[in-house]
Amino acid sequence: MIVELSPRNLTWDEVDPARHPFDSESAAQVVRSLGPARRMPRRPDVPLDDRALHEWSWDEAKPWTDAMTQALVEHYGRWVAGWRWAHDEGDFDGGPVGNWCCPQHSVTTPDETLDRVTAALCEWREWLESLAARFEAHPLDLAGIDDQRILWDRTARNLILHVTDRTGCGSGWYAHCHQVLEWFLSRWGVPADDAGRLVDQAIGGRFESWTGPDPVLVEDIAEQLAVSIQPDEDTRAAEPPLPDHLERWLVVREAVPWHNAQNSGGEGPVTPVRDGAVEEIRVFDAVLDPARGQGLLTALEQMRADAARGARLDFGLIQGWQRHILATPGPPPFRSLPAFAKAGRERYGTGPDIRARLDACLAESTKDTTRPLPLTARAARAFLDICFFHPFDDGNARCALLACLFVLAREHVALDDVRLLRRVSFQAEEPQDALTLARYIDLHLHETRRRTAVPAS
């Protein structure tokens, strides 16, 4: 939720080099100027197969790379999120980047690591520029598709081969190949949803990890893709305006079978051996910006005091936390305009009763013996309510995390790890996403109870 760090969701508009200037000569200076560059984790001096290194990679190095990605995105834009899309089984499977692998192998000394970040960033940019050049070398016109199908076919074939050559056809390489073909169609006017569907149908699940595609298969996929594209129509209806995803969430919210949420962590208070929320802030937010980290820690402390006194969860309460999160001189107001998230793919409307509607939703986080719901479900629902009501101009993801932890804390439950609640993006229109979030909370709760029960060695 901090940012959609996965490059798999990037659209062509988000990565098109023509839309996003970049100076490779200054990249090293930029990388070293960012907050994470000054707060690198110290790598333990142990062999690669030592468990301590694996734990360090998970607890320290990976959050650091996430923080570096966040900082780079804030500086350059979302296109930069692909700098970690490594070959084979790296941070993200099957990518085009060879200068980065994963935190365990790539985070070493400060100088070496920052050099790798810069090299991977420039390599990702070079790849995008090479794709753009290939797209532009074959200007295509949907209106004249019937006369150009052979050209669309040849271009699609060459793009598939270009991706197989660059990725080496390792683990999950086909995901990026699928994406590049979507980008190609999008560049020449095929709507994004149509592009994804057409590529899905053409590939038909026939690509495999660790296996290069047979030439006959490449020819067949390229031909099917070219044949399936429909000509442009001047009479095509204009694209409908973006729907109100807040309203869609409220409909989904009522339909989610919250009572089915997993609650395998047991009942009763949980006091973890380590403070997962504080640790997450230390290794991510404070690395990104010490002031951001301190503000979130202050808000966390206030949230826990509110939970200890059994406060009612409503806008007024989270407004007090948000003042520390955003470091505002006074309580930040409820937004007055529509809000956007997920690079503009979701829009949340407004209205005169929006605050009252949010308060009514958040009130349902309280335990109700007449209509019992699992704690995990109530915590997940409060999290998503904040996300999709999007009450503040900024910092809503951090506020959503605090709201979720508040629901747990009010019932004397704390977690020793919260990262699954921050590294995944949830869709307003997907009922299953709500239960997925509840499952992540349950997983953290189950593991916290398990580790709490194990005596310290």
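**Tour: cavities and aromatic rings**

Select A277, E280, I281, L296, L401, L402, L405 and V418: they line the second largest cavity. Helices α11 and α16 (396-409) each give two or more residues to this lining. Its volume is about 40 Å³. By residue type, the lining has 7 nonpolar, no polar and 1 charged. This is a predicted model, and it holds 2 cavities of 30 Å³ or more.

Next, the largest cavity. Select P63, R274, G276, E279, E280, V283, D416, D417, V418 and R419. About 40 Å³ of space lies inside. Helix α11 (residues 276-288) gives the most to this lining, with 4 residues.

Now turn to the rings. The whole structure has 19 aromatic pairs. Go to F315 and F392, a stacked pair: 5.4 Å centre to centre, with 25° between the planes. F315 is in helix α13 (residues 315-326), while F392 is in the loop between α15 (375-389) and α16, 77 residues apart. F315 is buried at 1% relative accessibility. F392 is buried too, with a relative accessible area of 1%.

Move on to F426 and Y440. Their ring centres are 6.5 Å apart and their planes are at 55°, so this pair is tilted. F426 is in the loop between α16 and α17 (431-453), and Y440 is in helix α17. F426 counts as buried, at 2% relative accessibility.

Then select W12, F135, W152, W183 and F184, which form one aromatic cluster.

Finish with two arginines over rings. R187 lies over the face of W188, 4.0 Å from the ring centre. R381 lies over the face of W258, at 5.6 Å from the ring centre.

Note on methods: Residues numbered from 1 in each chain as written. Predicted model: local features only at pLDDT ≥ 70, side-chain atom pairs only at ≥ 80, totals over all residues. Heavy atoms only, no water. 1 Å grid on protein atoms, 1.4 Å probe; cavity = no way out; pocket = protein on both sides within 12 Å on 5 of 7 lines; lining within 4 Å. Points joined across faces, edges and corners; volume = space filled by probe spheres on them. Nonpolar A, V, L, I, M, F, W, Y, C, P; charged D, E, K, R; others polar. Phe/Tyr/Trp six-rings, centres within 6.5 Å; stacked < 30°, edge-to-face > 60°. Buried < 20%, exposed > 50% of the residue type's maximum accessible area, 1.4 Å probe, protein only. Lys NZ or Arg CZ within 6 Å of the ring centre and 35° of its normal.
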